[in-house]
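I would ask you to look at the sequence and the structure together while I speak.

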Amino acid sequence: MKVYWPLYAMAIPGIVFLILFKYIPLAGAVIAFKDYSVFKGFVDSPWVGFKHFETLIHHPDFARVFGNTLMLGLLKIVLVFPVPVLLALMINEIRKSALKKGVQTALYIPHFLSWVIVSGIVFDFFSLSGLFNVVLGWFGHEPVLAMQESGYFRIIYVITSIWRDAGWGTVVYMAAISAIDPQLYESAMIDGASKVRQIRHITFPLLLPTVLVLFLLEIGNFLDLGFDQVFNLLTPMTYSAGDILDTYVFRTGIQQAQYSFATAVGLFQSVVGFILVFVFNRLSRKVSDGGLW
Amino acid sequence: MSETRSEKVFVSAVTVLLILLSALALIPLLSVVATSLSSKSVVDMNLVTIWPKQLTLDSWRYIIDRPDLWRSFALTLGSTLIGTVLALLMTALLAYPLSKPEFRWGGVVMIGVVVAMIFKAPIVPYFLTLRGLGLYNNPLVLIVPHVLNPFNLIIMRTFFKQFSKELEEAAFLEGCGYFRMLFQFVLPLSKAVLATLALFYGVVLWNQFQHPLLFLQNPDWFPLQIKIRQFITDDNVIMSGAVSSADLNYNERTLRAVTVIFAIIPIVAAYPFLQKYFVKGAMIGSVKG
C-alpha cells in the first residue's frame, strides 16, 4: 500500500520558494499603478492608474534609455546571435579530436568568467598602456581611450558578448548536430554531394529547429540585455550610448528610491518582452512546426 | 570514400580559421597574465603584450598578503559550496514529485514553474520583497534566492521521468517510501544531471554580482566579485596598505591584473573536471525537440 503524503511533503519547500521569490515580487509589480510608500506596503499604497507610465513616456531620459536598449538589443540579435551557429558548423568539420577539444576549450573558457572579471580584462585591454593601444602604437596610431568614449560603447558591447558567450552557445548546437543520423551524410556522399552542399542541405536544415527555439528565447529577452554586463562596462562618459533600461532602473529605482516609477519602467520592459515572444512564437509556428509552446 | 582536393582545402581553411579564433579568444587573458607578472616600469612603458617582461612576483605577493581579499574569497567559496548543495537538494525535492503521475498537484505546480520561468518580476518589487523577508544586509542573500531555478528544475524533472517503473514498484513492495526511494535509488542514479546542474548553480553562485550589489552594504560581507569591482574602479581601494616607495615593483594596473587572475584560478582549476558534463548537460537541457 503506497502512501502519497511524502510526495506532497517534498514539494512544499519548492512551492514556498516559488511563491516567496517569484510570485510575490511578480504580484508586487502592481506598485507601478500605485504611489508606493514603504510604510503602507504593496497592498495599502494608493492607486494612481497610469500616472507613472505617463511620466515615463514624457520623461526626457526615456527616449535616450529606450533607444539605447533597442539599439543594443538589435545589435545583439543581428551580430551576436548567429555567431555560435557558424562556429558550431565550423567546429563540426574538424576531424582531429584533440584539436577539436582544444578549440572548444579556448572558446568556452571566457563564458565562466563573471562580467566583473570580463570588464576588468576589457578595461585593462583598452587602457592607455593596454594591448589595444600597444598594437595601435605599432601602426603609428595615437592612443584611444575606448572605454571613455561613447562612440566605442556599442562595438565593445558586441565584441564582449561574442567573446564571452559565443563559444558556450555552440554547446547546444553541437549536441543537436551530434544527434543527426550519419546515414544522411553517407548517402549524400554517394550521390557526390560536396562538404559545402552537405552543410547547406543536411546539417543546417536539421539544426534550424534548435536555432529557432533559441532565437525565440533571445527575442523574449530582447529588452533584457544583462544588467551585469552593461553595468560593469559603463562609465559616466558612456551613458549617452550605453545607459539602458536595466541600469537606469537600478539608479532611479534602487539608488534614488523612486520605487513606483522604476517599477513602471521594469513592467514596460517585461510586457514588451512577453509580447515579442508571443508574436514570434506565432510566426515560427506558421513558418515551421517549431516553437516554444 | 576519399575526400576530394577541394574538400581538403575547405576543411583545412576552416581548421586554420578556428585556431586563429581560439588564439584571439585567449589573447586578452594572456595579456592580463603577462601584466600581472611584469614589473611596473615595463608596464608603464607599454612594453608588455602577451609575454611577461622583467618577470616579478611582487604584485602577486602584495595581493596574496591582503586579508580582505581572502575574506571575500572564503565567503564566496563557502556560499558557492553550501548554495550548490542546497540548490541540488531543493531542486530534487520538487522535481521528484513533479515527475510522478500520482502527484495530483503536478499539473498546476508545473504551470506555476513555467510561468515563473517566463515572467521576470521587475527588479524593484523583487528588491522590496527580499528586503521584506529580511535579506537586506544579510549575507544569506548570497545563497537563499539562488537555491531553486525553474529552468534547472525542469531539466531534473525530465531526467527523473525516464526511470523505469519496475524498479520503483519492486522497491515499494519491499516497503520503501518515496523519501528513501529518492535518496537511495533515484539520486545515486542521477549523477549526470546532478553534475550538470551543480555546474550551472555553482557558476551562478560564484559569479553573482547583482544581488550583493543590491542587498549588501557592509563591506565585511562583500563577495569576491564586488571586491574585484572595487579594485577595478577605485585606485585607492586597490592601493590601500601599499607601501609607497620608489623601488616599488607594482602599480594599480599590475595589481588589478593579479586580482582578475586570482578570481579566475578556481574556475580554470575546476574546468577539466567539469568539461565532460557540458555536452551531456546540453543534451538534457534541450527539453524540447
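This is a predicted model: local features need pLDDT of at least 70, side-chain atom pairs count only at pLDDT 80 or more; totals for chains, interfaces and linings use all residues.

Let me begin with a term: a residue is called buried when its relative accessible area is under 20%, exposed when that value is over 50%, and partly exposed in between.

Is Thr76(B) buried or exposed? Its relative accessibility is 2%, and because the limit is 20%, Thr76(B) counts as buried. Its side chain has a polar atom that lies 2.7 Å from the backbone oxygen of Ser72(B). If we set aside the neighbours within four places in sequence, Thr76(B) is in contact with Trp206(B), Pro223(B) and Leu224(B).

Chain B has a radius of gyration of 25 Å, whereas a compact globule of 289 residues would have one near 19 Å. Along the principal axes, the C-alpha trace of chain B spans about 80 × 70 × 35 Å. Of the 289 residues in this chain, 51% are buried. Considering the contacts in chain B with a separation of 6 or more, 72% are between residues 24 or more positions apart.

I turn next to the interface between the two chains. The size of an interface is often given as the accessible area lost when the parts come together. For chain A and chain B, the buried area is about 8,100 Å², and carbon and sulfur atoms give 77% of it. Within chain A, the residues that lose the most area to chain B are Tyr8(A), Met10(A) and Phe112(A), which together account for 9% of what that side buries.

As for polar features, 11 residue pairs are in polar contact between chain A and chain B, counting pairs with both residues at pLDDT 80 or more.

Which residues form the salt bridge? They are Arg253(B) and Asp124(A), with their closest N and O atoms 2.7 Å apart. Asp124(A) lies in helix α7 of chain A, residues 115-125, and Arg253(B) in helix α14 of chain B, residues 252-285, so the pair joins two chains. Both partners are buried: Asp124(A) has a relative accessible area of 8%, and Arg253(B) has one of 13%.

Over all chains, the structure holds 10 salt bridges. Let me describe some others. Arg95(A) pairs with Glu93(A), the closest N and O atoms being 3.9 Å apart. In this pair, Arg95(A) is exposed, with a relative accessible area of 55%, whereas Glu93(A) counts as buried at 5%.

In chain B, the side chains of Arg61(B) and Asp58(B) meet in a salt bridge with an N to O distance of 2.9 Å. Both residues lie in helix α3 of chain B, residues 58-64, three residues apart, which is about one turn of the helix. An α-helix has 3.6 residues a turn, so residues three or four places apart point the same way. Asp58(B) is partly exposed, at a relative accessible area of 24%. A further set, Asp61(A), Arg64(A), Asp243(A) and Arg251(A), is joined into one network by salt bridges that share partners.

My last topic is helix α5 of chain A, residues 82-91. Why may this helix be described as largely enclosed by the rest of the structure? The reason is that eight of its 10 residues are buried. Among them are Val83(A), Pro84(A), Leu87(A) and Met90(A). What covers the buried residues of α5(A) includes α4 (60-80), α6 (97-108), α9 (150-178) and α11 (195-220) of chain A, together with α1 (5-37) of chain B.

Thank you for your attention.

Conventions:
Residues are numbered from 1 along each chain as its sequence is written. Chains are lettered from A and ligands numbered from 1 in the order in which they are written. Side-chain values use heavy atoms; hydrogens and water are left out. Buried area is the accessible area (1.4 Å probe) that two parts lose on being put together, summed over both. A salt bridge is a side-chain nitrogen of Lys or Arg within 4 Å of a carboxyl oxygen of Asp or Glu. A polar contact is a pair of N or O atoms within 3.5 Å; within protein, one must be able to donate a hydrogen and the other to accept it, and residues adjacent in sequence count only if both atoms are side-chain atoms. The radius of gyration is taken over C-alpha atoms; the globule rule is 2.2 Å times the number of residues to the power 0.38. Buried means under 20% relative accessible area, exposed over 50%, partly exposed in between (1.4 Å probe, protein chains only). Contact means heavy atoms within 4.5 Å. Helices (H or I, at least four residues) and strands (E, at least two) are DSSP runs, numbered from the N terminus.
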